[in-house]
Amino acid sequence: MSAQVRIPTPLRRFTGGAEAVSADGATVGALVDSIESNHPGIKERLCDEAGEVRRFVNIFVNGEDIRFINNLDTPVNEGDEVSIVPAIAGGSFCPRLATLGTP
Amino acid sequence: MLDTFTLFPTEGPPPVGPLRVPSVLHLIGNTPLLEITQLSTDIPPGVRVYAKLEGFNPGGSVKDRPALCMLQKGIENGALTPDKIILDSTSGNTGIALALIGAVLGYPVELCIPANVSIERKKIISAYGAKMIFSSPMDGSDGALELCRERLQEQPERYFKPDQYFNPHNSLAHYQTTGPELWWQTKEQITHFVAGMGTGGTLMGTGRYLKEKNSDIQIVGVEPDDAFHGLEGLKHMDSSIVPGIYHEEQLDRKISVSTEDAYETVYRLGREEGVLVGQSSGAAMWAALQVAREIDRGTVVTLFPDFGDKYLSTNLWIGWKEYNQRQANARVEGTA
C-alpha cells in the first residue's frame with residue numbers, strides 16, 4: 001500500500017524540504033515507520049515514548065481524524081491522502097475533536 | 001490556610017476597585033498578580049512565585065496592551081486614518097484585541113489567521129465584527145504572516161498594519177504598563193521575570209523597564225523545546241521568522257519546555273490553584289517553577305497570557321482523562 005503523506009512546515013527539515021512524501025504500509029502506524037526509515041528523527045516528533053500519537057499532533061486519512069477511527073491502527077488504502085497537522089495554531093480542522101477528552 | 005472570611009467584608013466602605021469607566025478600553029491593563037501556592041510546595045521557603053493574570057484584560061489576553069498601544073501610536077503619527085482598514089496576521093489573541101479595539105474606535109479590521117485556530121477564537125473575532133482570511137493550517141503562524149504581507153503588497157494604501165512582530169510600540173506597551181505594574185505589585189522585590197516568547201514584546205518591554213529599575217533582575221524567556229510543538233502563541237525562535245522587536249541579547253536566559261509538560265501544568269493549575277489557563281501559561285508556569293527551584297531567595301514572577309476558556313475544544317485537553325486517572329491511581333497508592 002502506498003500513500004502520499006503531507007508534511008507540515010516544522011517537520012520538513014527531516015524531508016529535505018519536501019511538502020509531501022510517499023510511504024508504504026497498511027496502517028497509519030506502518031506509514032509512520034516507513035517515513036522514519038527514509039527520514040530518521042520524524043517518528044520521535046510524532047509519537048511519545050509509549051508509541052502513541054503526541055497530544056498536539058493530528059493525523060488525518062482522507063480528511064478523517066485517526067483519533068476517531070483507530071489511531072495508529074487506522075487502515076490505509078492505495079492512493080489515500082494522509083496529512084500530519086500540528087495543533088500549534090490552537091485548534092483542529094475537525095469539530096468533532098470538541099467532544100474528546102474535555103473535562 | 002486561606003482566610004476566606006476576609007474575602008467579602010460586610011462592614012465598612014466597599015474595597016477600592018473598579019470602577020466606573022468611560023469605555024472598555026479603560027479596562028486594559030492593571031491586571032492582578034496572583035501568588036502561586038499549591039504548585040510551589042517543593043521550592044525553598046525563601047522563594048515566592050507569582051503570576052500576572054492577563055486574562056483579566058477585556059479582550060481576555062495580554063495582547064490588549066500592545067494592540068491598544070500600536071493603534072494609539074498609529075493614530076498619533078498619522079499612519080492610521082479613518083479611511084484605513086486595520087490588517088494583521090495573528091494566531092488569535094492579537095486578532096481578538098485588534099477586533100475589540102477596532103470596534104470601539106470605529107475602524108474595520110481584517111485578520112490573516114491559520115485555518116486551524118480554535119472555533120472559539122473565530123467566533124469571538126466575528127462577534128467584534130472583524131473579517132478573517134485563512135492561511136493553510138500546514139504552515140502555522142508563519143503562513144498567516146506571509147499571507148498578510150501579500151495582501152498588503154497588493155493594496156498598501158488601503159491598510160494600516162500594526163505589524164506586532166516588527167512594531168516597537170508592541171514592546172513599548174509593556175515598558176509603559178506591564179513593567180511598572182510588576183515593580184509596584186511586588187513592592188520592588190521582583191528578582192526574576194519569566195515569560196513566553198511569541199513576538200517577544202512582553203519580555204523585551206517588561207524586561208527593559210525592570211532592568212532600568214534594578215539591573216540584577218533576571219529576564220528569562222520561555223520557548224518550545226522543538227520546532228514541532230503544540231504551544232500556541234509561543235515561537236521556537238531558531239526555526240521561525242525571528243520577530244524584528246526580539247533581541248535575544250537582552251535575555252539573561254532561555255528555558256525550553258516540552259508541549260507535554262506545559263499541558264500537564266495547565267491541568268495542575270486548574271485542579272490545584274483554581275486557575276484555568278491556556279497552554280502558553282502552562283509553559284510559563286513550568287519554567288518559572290524551574291527557576292524557583294534553583295534559587296534560595298527571591299521573587300519569581302511569570303505572566304499568564306490568557307485564561308483557558310478559548311482552548312476547551314483543542315488538543316490541550318486530549319490528555320486530561322489520562323492525567324486524572326494517573327492522579328487517582330497515585331492517591332490510591334498513597335493511602336494504601
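In chain B, Gly95(B), Ile96(B) and Ala99(B) of helix 2 meet Arg121(B), Ile124(B) and Ile125(B) of helix 3, where contact means C-beta atoms, placed from the backbone, within 7 Å. This is a predicted model, so local features need pLDDT of at least 70 and side-chain atom pairs pLDDT 80 or more, while totals for chains, interfaces and linings use all residues. Residues are numbered from 1 along each chain as its sequence is written, with chains lettered from A and ligands numbered from 1 in the order written.

**Helices 2 and 3**
- The axes of helix 2 (residues 93-105) of chain B and helix 3 (residues 119-127) of chain B come within 8 Å and cross at roughly 15 degrees.
- That makes helix 2 of chain B and helix 3 of chain B roughly parallel (angles under 35 degrees; 65 to 115 is roughly perpendicular, over 145 roughly antiparallel, and the rest oblique).

**Helices 5 and 6**
- Helix 5 (residues 168-185) of chain B and helix 6 (residues 201-213) of chain B have axes that come within 7 Å and cross at roughly 50 degrees, so helix 5 of chain B and helix 6 of chain B are oblique.
- Their contact includes His174(B) and Trp183(B) from helix 5 of chain B, and Met204(B) and Arg208(B) from helix 6 of chain B.

**Domains**
- Chain B splits into domain 1 (31-60 + 177-321) and domain 2 (64-160), with bounds from an automatic or database domain assignment.
- The C-alpha centres of domain 1 of chain B and domain 2 of chain B sit 25 Å apart.
- Domain 1 of chain B puts 17 residues into the contact, and domain 2 of chain B puts in 14.

Technical notes
Axes are lines fitted to C-alpha atoms, for helices over the stretch in contact, and angles run from 0 to 180 degrees between N-to-C directions. Helices (H or I, at least four residues) and strands (E, at least two) are DSSP runs, numbered from the N terminus. Two residues are in contact if their C-beta atoms, placed from the backbone, lie within 7 Å.
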